[in-house]
Amino acid sequence: MELWDKSDGPSASVSNGLMVLHLMEWSFSNFINSHSTDKIDLFSREVLKNTRPTFSLFAVVMAAAGVLRVINRSEQKALMEFKTSAEGRIEIIAHGLVSSARDADYAIVEPRNSFLLQCLSLALSKSGPFSYQAHVFLCLTTALLTEIFPLPRIYVKIQESPSGNLVRLVLNEVQQHLDTIIFKEAGAITGVFCNQYVLADEENRSAVEDIIWNYCWDVYMWHRQVALMLRDREEVLLENLEKIAESAFFMVVFFALAVTKHKLVLGAPQEIQMRLSVRILVAFSCMEYFRRMRLPEYMDTIRAVVTRVQENESACVSFVESLPSYDDMTNQAVPSSFQKMEYLWTTDEVQTARILFYLRVIPTCVECIPASVFRKVLAPTMFLYMGHPTGKVSKASHSVFVAFMSSGKDGDLDERVTLKEQLVFYYAKRSLEGYPGITPFEGLASGVVALVRHLPAGSPSIFYCISCLIEKADSLCSSVDTTPKTDLWKSWDGELEPFKQMLDLHLRLLSLVDIQVLPSLMRLLAQLVVRLPSNGQDMILNELYQHVAESDDVIRKPTLVSWLQSLSYLCYQNTSKKTPKGVAQVIHDSMSGTTDSLSMNKISARL
C-alpha cells in the first residue's frame with residue numbers, strides 16, 4: 001500500500017492497480033478458504049477501516065475492489081461486514097474527489113484527479129454488485145465524461161491548434177486512448193453507472209441527468225466544428241474521434257433507458273415526465289450522428305418518450321422549438337485558423353443527422369403542433385432540407401409535409417387550413433425544381449397525394465399544384481430527344497423514366513382530385529399528350545385506357561370514358577401539333593355531348 005511512486009519503487013498505473021486488485025482477491029480468497037480469521041481481521045482493520053495517510057489511494061481502492069470480488073462470489077453472510085467496510089472505504093475516497101454534484105461537472109474537473117478517477121471506475125467495473133454510494137455515483141459520472149469519453153477536452157486541443165500543428169499530437173493521444181484498459185471497459189463501467197442511478201436519491205439523479213444531457217449538447221456543438229475542420233484533411237483522427245463518440249452514444253442510450261424506466265412511470269408528475277422526455281429527445285438528436293447500428297434499447301427509449309410527448313401540446317412545442325434556427329443551420333462559425341473554409345450546410349453531416357432525427361420524430365406529434373409554430377419554426381427547416389442531396393433526408397422532409405397536410409384536429413383549424421394552402425405554392429416550386437435528381441419521387445408523390453386529399457375541394461392551391469406538375473412533365477419530355485430512339489417509349493427506361501413517373505402520378509390523380517378540379521386536370525393532361533410523338537401517344541393512351549377500364553368509381557368513370565374517347569380521336573385525327581385552345585375546345589364539346597363525328601371503329605383500332 002505504501003511502496004508506490006517512490007524513488008526506488010514501482011510507478012502508480014492502471015495496470016499495476018489491476019495487479020493489486022487481483023493480488024488482494026487471491027489473498028483474501030485464501031484467507032477465507034483457510035479460515036484465517038486473524039488475517040482477515042488484520043487486513044480489514046489496516047486497509048479498509050484505518051487507512052494510513054502514507055497509503056496510496058489508488059492501491060486502497062483496488063484492494064477494496066479485490067475484497068468485494070471475493071465477497072460477491074461468496075454466499076457467506078458473515079462476510080457482509082467486510083463488504084460494508086470495503087464499500088465505505090471507496091465512498092470516502094470518492095468523497096475526496098467529488099464532494100458535491102457541482103464538482104461532478106465534466107467541464108470543471110481537476111486534471112490531478114484523472115488517474116484516481118480511472119482506477120475507481122475500473123475497480124467498480126471489476127468488483128461486482130455495489131451498494132449505492134452518493135459520491136461514488138458522482139465520481140462515475142465524472143470519470144465517464146472526462147476519462148472514458150474525454151471528447152470535450154480533445155476538441156479544445158484541436159481547435160487551439162493555430163495551424164494544425166497540434167493535430168499530430170492529438171492523433172497520438174486519441175489512438176493511445178482507444179487502446180487503454182479504461183476505454184475497453186466502458187460498457188462494464190456504464191452498467192455500474194446505470195445501476196447506481198437506479199438506486200440514487202432524487203437530488204443526485206436530477207443533477208446527473210442534467211450533466212449527461214449537457215454533455216450531449218456540447219459533443220454535438222464541438223464535433224460539428226471539428227468534423228468540418230478535419231474532413232478531407234485528417235481523416236484518421238476524425239475516424240478515431242468518432243469511435244470514442246460512438247461508445248459515448250451507447251452510454252447515453254443505456255442511461256436514458258434507465259431514466260425512462262424509473263421516471264416515466266404512472267404516478268410521476270406529468271410536468272416532470274414531459275420535460276424529461278423532451279430533454280431525452282434533444283440529447284438523442286445531438287448524438288444521432290454517432291448511431292451506426294440498430295439498437296433495441298434506443299428504440300425502446302424513443303417509443304417511451306415519444307408516446308408522452310405526442311400527447312402534450314406544450315411538450316411538442318418545446319421539442320420543436322429546440323430545433324436550430326434557419327440561420328444556424330445555413331451558417332457555421334469557423335475557427336480563425338480555418339477562415340478560408342467555405343461552409344455548405346449540405347456537407348455538414350453532423351447537423352444533417354440531427355435534423356433528420358427531428359424530421360422523423362415530428363410526424364408522430366404534428367397534431368399537437370400549432371399552425372403558428374409550424375409556420376415559424378418547422379416550415380423553413382422542412383423546405384430547406386427538401387433540397388438536401390441525400391435521398392433519405394429529402395424524403396423525411398416530404399414526410400413532415402404529408403403529416404401536416406393530414407393533420408387538423410386541433411382548435412386552430414381555420415388557421416391551419418390557410419397555412420396548408422399557403423405552403424402548397426412553395427412546396428410545388430421547391431420539390432419540382434429538384435426533380436429528378438434531388439427530390440425523391442416517392443416523397444413528391446406522397447406530398448401531392450396528401451394535399452389533394454386534405455385541402456378543401458376546389459382549392460386554388462390544388463389547381464396551382466396540378467398546373468406545375470403538368471408543366472414539369474412537359475419539360476421532362478421536351479428535354480429528351482426521342483426522334484432516333486423509337487424503342488424508348490416502349491421501355492420507359494433511361495431518360496424517359498422521370499417522365500413515366502410523373503405520368504403515373506397524373507393517372508393516380510385522376511382518381512383522387514375532387515370533381516371541381518378534375519376537368520382542369522383532364523384538360524391539361526390532354527394538352528400534354530397531344531404534343532407528344534405518335535409512338536409516345538400510343539403508349540400513354542394504352543396506360544390511360546387500362547387505368548380507366550380498371551376504375552370502379554361510378555361517379556367519375558363516365559366522364560373519364562368520354563374524355564379518353566375524345567383524346568384518342570384527337571391523337572388519331574392529326575399527329576401534328578395541336579394548340580392548347582383547340583384541344584380544350586374538343587374536350588369541352590365531348591363532355592357537353594355535342595361531338596357527332598366520333599368513329600368508334602377508329603377509336604377501337606387506335607386504342
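This is a predicted model: local features need pLDDT of at least 70, side-chain atom pairs count only at pLDDT 80 or more; totals for chains, interfaces and linings use all residues.
## Overall make-up of the chain

The protein chain contains 29 helices and zero strands. Of its 607 residues, 53% are buried. Among the contacts in the protein chain with a separation of 6 or more, 77% are accounted for by residues 24 or more positions apart.

## Helix α10: T190 and G191

Helix α10 covers residues 186–199 and includes T190, and G191 is likewise placed in helix α10. With a relative accessibility of 6%, T190 counts as buried, whereas G191, with a relative accessible area of 31%, is partly exposed, because that class lies between the limits of 20% and 50%.

Leaving aside neighbours within four places in sequence, the residues in contact with T190 are L144, M251 and F254.

## Packing of α12 against α14

Helix α12 (residues 235–263) packs on helix α14 (residues 296–309) at an angle of about 45°, and the two axes are 9 Å apart. This angle makes α12 oblique to α14, and the crossing of the pair is left-handed.

On the α12 side the residues that meet the partner helix are F249, V253, F254, A256, L257 and T260, and on the α14 side they are E297, Y298, D300, T301, A304 and V305. Sorted by class, this contact of α12 with α14 has eight nonpolar, two polar and two charged residues. F254, one of the α12 residues in this contact, is also among the residues in contact with T190.

## Packing of α17 against α19

Helix α17 (residues 349–361) and helix α19 (residues 391–406) pack with their axes 9 Å apart and at an angle of about 30°. Angles under 35 degrees count as roughly parallel, and α17 and α19 are therefore roughly parallel to each other. Their crossing is left-handed.

The contact is formed by T352, L356, L359 and R360 of α17 together with K392, V393, A396, S397 and V400 of α19. By class, the contact of α17 with α19 consists of five nonpolar, two polar and two charged residues.

## Packing of α1 against α5

Helix α1 packs against helix α5 (residues 114–127) at an angle of about 40°, with a distance of 10 Å between their axes. The two helices, α1 and α5, are therefore oblique to each other, and α1 passes α5 in a right-handed crossing.

From α1 the residues V14, L18 and L21 meet F115, Q118, L122, A123 and K126 in α5. In terms of residue class, the contact of α1 with α5 has six nonpolar, one polar and one charged residues.

## Backbone features in two loops

H35 is found in the loop between α1 (14–33) and α2 (37–49). Although H35 is not a glycine, its phi is positive, at about 55°. The relative accessibility of H35 is 66%, so this residue counts as exposed.

A further backbone feature concerns the peptide bond joining Y435 and P436, which is cis, with omega at about -10°. P436 lies in the loop that runs between α20 (413–433) and α21 (441–454).

Notes. Residues are numbered from 1 along each chain as its sequence is written. Side-chain values use heavy atoms; hydrogens and water are left out. Axes are lines fitted to C-alpha atoms, for helices over the stretch in contact, and angles run from 0 to 180 degrees between N-to-C directions. Helices (H or I, at least four residues) and strands (E, at least two) are DSSP runs, numbered from the N terminus. Angles under 35 degrees count as roughly parallel, over 145 as roughly antiparallel, 65 to 115 as roughly perpendicular and the rest as oblique. A crossing is left-handed if the near helix is turned anticlockwise from the far one by less than a right angle, and right-handed if clockwise. Contact means heavy atoms within 4.5 Å. Ala, Val, Leu, Ile, Met, Phe, Trp, Tyr, Cys and Pro count as nonpolar, Asp, Glu, Lys and Arg as charged, and the others, Gly among them, as polar. Buried means under 20% relative accessible area, exposed over 50%, partly exposed in between (1.4 Å probe, protein chains only).
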